[in-house]
Amino acid sequence: MITIPYLTALSTYFSYGLLFAFGQFRDFFRKIFDWWQASNLQGYAPICLGLEDFYIRRLYLRIQDCFGRPIASAPDAWFDVVERYSNDNNKTLKRTEKISRCLNLGSYNYLGFAAADEYCTPRVIDSLNRFSASTCSTRVDGGTTTLHKELEDCVANFVGKPAAVVFGMGYVTNSAILPVIIGKGGLIISDSLNHNSIVNGARGSGATIRVFQHNTPSHLEKVLREQIAEGQPRTHRPWKKIIVVVEGIYSMEGELCKLPEIVTVCKKYKAYVYLDEAHSIGAVGKTGRGVCELLGVDTADVDIMMGTFTKSFGSCGGYIAGSKELIQYLKYTCPAHLYATSISPPAAQQIISSIKVILGEDGSSRGAQKLARIRENSNFFRSELQKMGFEVLGDNDSPVMPIMLYNPAKIPAFSRECLKQNIAVVTVAFPATPLLLARARICISASHTKEDLLKALEVISQVGDLVGIKYFPAEPKKQLQHQEQQPGKDTIKLE
Amino acid sequence: MYRVPKIKVVEVLTLSPLQSFNLCNYLAEDLKNNKSRIVMSDNRDNDTLTSVDNSIGRLPDHLLIEIFIRVPVSEWAQISCVKKHWASLFLGESLWHAAIMRTFPSASQAKRWPGPIPRGLSKRRFAALYVSKHIVALDDEIDEIVGHTYLFLKEQLELSTLPPPSGILHGTIIDQFISCGKSREVAHELASQIWLAVLDNLEENWHTFLVLKRLALEEDVFLPFPYSRSIKVQWRVFEKLFLDFRDCFDHADFYDQEVCTLPVSASVALRVAMESVALNFVNATLNWVTLALDAPAARAVVFGVHISGHLFVEVLLLVVILFLLSQKSYKPPKRPLTKKEIDELCDEWVPESLIPPITEEMQSEPPVLESAAGPHAIVNGKEVVNFASANYLGLIGHEKLLDSCTSALEKYGVGSCGPRQFYGTIDVHLDCEARIANFLGTTDSILYSYGLSTMFSAIPCFCKKGDIIVVDEGVHWGIQNGLYLSRSTIVYFKHNDMESLEKTLEKITAKNQRAKKLRRYIVVEAVYQNSGQIAPLDKIIKLKEKYRFRVLLDESNSIGVLGHTGRGLTEYCRVPIEKIDIVTASLGHALATEGGFCTGSARVVDHQRLSSSGYVFSASLPPYLASAAITAIDVLEQNPDLTSKLKENIAILWKGLSDVQGLSVASNPESPIVFLQLKKSTGSTKGDLQLLEDLANRALEEESVFVVVSRRSTLDKCPLPVGIRMFVSAAHSESDLLKACISLKKVAAVVLKDHIRP
């Protein structure tokens, strides 16, 4: 759990209060000056609603340039960020022809499959020529090609489950599966920081939703006991079934799920486990098989395994892996399978090829090297950041490391200053995080070299001093020098 | 023997008052000493009398009176018998008056009193005073009224043949005392004493016996406190009856009295005793409480208000009331389950299996394509005519698209590796958005990475709890899910029925005055995926403007198909696109790529960039698909004959299928989805599906025509009948279409043979 320092919380509240007051002030005068234009749509209620709209207009637009920066190349270790300018105080941004080559610390390119790959790209282009870019049909109609079949077998094998079904979008995977497997009379116990797609899926299911404290198995047990004893609200009938939904790596916290403990609790109380491995599949574990492998959990104990191909595999789409019967049932009735266009064949091919590389089936050891590299890079980068005195969240081995910023003014400051020095970082604010807990998020890739990381560390440290986000005291320099000798050796070894 | 001083009358008359007083004393003493002698010698010795007469006989009356009153009262009777003149003196007023003045000096000033008991003349007054002093022995206080009361009561009991009930007598007495200023207790006490005195002094005769008997039988003891005779009086009555008058009872009568009266009287007496004790106790307590309350607080003055006892009590009550109000209302005590009980419940609980048991129909696998899903595809090694892909413009396998995809793949890789906000925006996305907006004539558009997620993200973005959405009952699942997630109020109208829509809108606006302040939407599909019907947009726009609703239009199956240049339903119905507030579409149909987009005013689009969950929280569309979309639009604009070719093909197929046995075409003649329905349903959706599936499978296996059935998810709430859905493509040749018509007729004749006949 993040414990925000008292003074920081105060200054953050003050900043938001100031922004809010100033925004309201501007709205007030805008109303006065534009009163004759106000009657544009008689009889219609405004399409955009109060506070949400206010937040976008008066808070988000001021720092709009820090988000959604367009790039003009593949999201590899280094990429081309398109420069933008604004003539109206950031309300609209216009692209220029100019680009700047930046180090990419923002994309979920964990294994470096985002760029053209010597093994994958030719096969992807082959399959494009063979199957075209789309099937224009759903999986149950004419959207199942041999490629889709192969992909499902390949994923099931990789994940370690008897069967799998794939969808064209990770978000839809979560939000369309949950309503199929659970409905009224069921209970979904969800981690408090689960991804929005899970939240939407749970809402769409009509089941009752309870939340347990982020990554706390003891609280999960408490909730389970309470709920089983109480039964359904009002009727007090026993629950039909209970599904516990957790994520492998929490993308905004960088934390690994405490899966072994959670699985034990769920087994004890006969609850089904739904594991979302969006960020962990391919990125962690000895052979990239995700948190189950990393934490030593038997995949048979996880009833439903979900994951996406957007991150480590550099493609798109998502999968559900589970027992043969589960997959058969999903294929029979899941709306995403029945009504949505099947996954694009080249994207499917990319997944197949990248899994082959990870498993070493391409005849090289590139996959293993990538996995080793991302682990080393992540742990090195994380420990360095911590030594500098940043407040870094997350666990070791996780390639996601959020640096806490808190104050709203530090969001654009950190992002812009880093970009000036050609480091592209992601800053996250509301609505993706709670209002107070704005952060910068760094995603480490296997394609980053030691030089890249050292440069990034240098810049981040410098900007961190400038912006004032080193909330902890730094460690003495001596150890840093000691660390610096190590990477030299590493790069030699890896090359 | 005794010497009467020879005093001349004249001398006596001239005596000073002190001398005459002493003289009178002397004479009275003399008279007293000689009285017995006088009386004794009354008849035989006239001499003595004469001597007395001689000594005081010639004194004036007032001196005689002075003398007499100095003689004890007990001797007055004898004195009055001595001489006629003396007797007349005793009858007169002045003697008694003087006697009162002499014996009871304080009584002369006593005032009269109100009430029924008379004061009477001096003689009676003297008697009364005498009684007060000697018979009713009150400590010091000799009250005239006590004596009068005694006399009154005695007269009532002795003289009258039928005296009033004792309760009335007693009440009269009590009232008299109370009106004279005595407290109730004192009055009661005095009355008791008077009663006792009277009872004691009654003569022992038959009349008294009757009176006592009557008193014993009377039950006036039940009167309230001071009006009931005291217990002592009651006892005295019984005492006298059973001791003094015992002999007066004859045998039976005595026992009758004893048996009947005694227990009753005893119980009555007991009750009276208890009552009086209780009353005394209550009175004493009340007195004490009043005293206690008054004593400490009487002196308190708060803000100039004297706090007396009742104020104190009121304040106390107020405090109690406030205290009770401040307490939580009563709730039955909760008894939480013990740890052991919860353990047992957890052990007992058996969850349902994750999925229902697998039936045979769930195991069916769709045909697997071994090639691209073009107009001709390879299934099971056999070339088939493909009517299962919504490849309306035949862009699958189009060279320009493949080229643009290849170059994009080489430049950008496959995935975008991030959401749009976090470096997932690639320049082709922006180009694609601009190209779509430019093509449709809007200011901006927003790309979604999946067709299905477009609607179910866009709807909750603009519709919140409380908003009203009027929606066609035949919309596809993506819209249904969006409606559900928005939590708005949803009202369905009959599928593609404008009258029903108008009625619904009328009802909502007329019924609900508040509706004017809510956001109101009509949600329709341009070409319904579930029926192939085309929405009459011009009529919808008229209704929308009349009732001031906004329109959300899903153009997934109409972009690139309807209208001269393929700009969709707006062009087809000649409606300016600005009239439609939100337009969504999937790129996965006519444009032969993937993803979806939403377009409208700049405000509508910009709002989604931070509020739409499917946009914000999902990785962006793979760049090669975006570039394919751009190219597809380019191709469409450069080849206007594509849409006209598609129209021709639709017309051919529609005509060819209009007379299939047992099937009817339910779709619009211009819809690219040709929807075949069973003329006669089997009665259940499941049965229909099975029949149609059988037909489709045969068509594929025997005739190499790939058609599909519109399957329904268990989550889908669409009430429309199922059917065979054929997607017509511009790339289908005439012979393909004709072959399909012939094959379907052939297969239908076989499969539906049994269905049609009976």
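1. In this predicted model, strands β10 and β13 (residues 438–443) of chain A run antiparallel and are joined by six bridges. One of the pairings sets Ile403(A) against its bridge partner Ala440(A) in β13(A). The two strands belong to an open sheet of three strands in chain A, ordered β10-β13-β12 with antiparallel pairing. The edges of that sheet are formed by β10 (400–406) and β12 (426–428) of chain A, each of which pairs on one side only, and the twist from one strand to the next averages 30°.

2. An open sheet is also found in chain B, where four strands follow the order β12-β13-β16-β15 and the pairing is antiparallel. Here β12 (663–665) and β15 (708–709) of chain B each have a single partner strand and stand at the edges, so one side of each is left without a neighbour in the sheet. Between strand β13 (residues 673–678) and strand β16 (residues 724–727) of chain B, which run antiparallel, there are four bridges, and Leu676(B) stands opposite Ile724(B) in β16(B). Helix α28 (residues 641–657) of chain B packs on this sheet, where it touches β12, β13 and β16 of chain B, and the direction of the helix makes about 10° with that of β13(B).

3. Turning to helix packing in chain A, the axes of helix α5 (residues 170–181) and helix α10 (residues 324–333) of chain A come within 11 Å and cross at roughly 105°, which means that α5(A) is roughly perpendicular to α10(A). On the α5(A) side the residues are Ile177(A), Val180(A) and Ile181(A), and they meet Leu326(A), Tyr329(A), Leu330(A) and Thr333(A) in α10(A). By class, the contact of α5(A) with α10(A) comprises six nonpolar residues, one polar residue and no charged residues.

4. A crossing in chain B can be described in the same terms: the axes of helix α20 (residues 451–462) and helix α25 (residues 602–611) of chain B come within 10 Å and cross at roughly 100°, so α20(B) is roughly perpendicular to α25(B). Ala458(B), Cys461(B) and Phe462(B) of α20(B) make the contact with Val604(B), His607(B), Gln608(B) and Ser611(B) of α25(B). The residues in this contact of α20(B) with α25(B) divide into four nonpolar, three polar and no charged.

5. As for the interface, chain A and chain B bury about 9,700 Å² between them, with 62% of it on carbon and sulfur atoms. To this contact chain A brings 114 residues and chain B brings 109 residues. Of the area that chain A buries against chain B, 8% is supplied by Tyr44(A), Ile47(A) and Tyr339(A), more than by any other three residues. Six salt bridges are found across the interface of chain A and chain B; Lys149(A) forms a salt bridge with Glu365(B), with the closest N and O atoms 2.7 Å apart.

6. Over all chains, the count of salt bridges comes to 42. Within chain A, the side chains of Glu118(A) and Arg366(A) meet in a salt bridge with an N to O distance of 4.0 Å. Glu118(A) lies in the loop between β2 (94–104) and α3 (120–131) of chain A, whereas Arg366(A) lies in helix α13 (residues 366–388) of chain A, so the pair ties together parts that are 248 residues apart in sequence.

Definitions and conventions:
Residues numbered from 1 in each chain as written. Chains lettered and ligands numbered in written order. Predicted model: local features only at pLDDT ≥ 70, side-chain atom pairs only at ≥ 80, totals over all residues. Heavy atoms only, no water. Axes fitted to C-alpha atoms, helices over the stretch in contact; angles between N-to-C directions. Parallel < 35°, antiparallel > 145°, perpendicular 65-115°, else oblique. Contact = heavy atoms within 4.5 Å. Nonpolar A, V, L, I, M, F, W, Y, C, P; charged D, E, K, R; others polar. Pairing = 2+ DSSP bridges. Buried area = accessible area lost by both parts, 1.4 Å probe.
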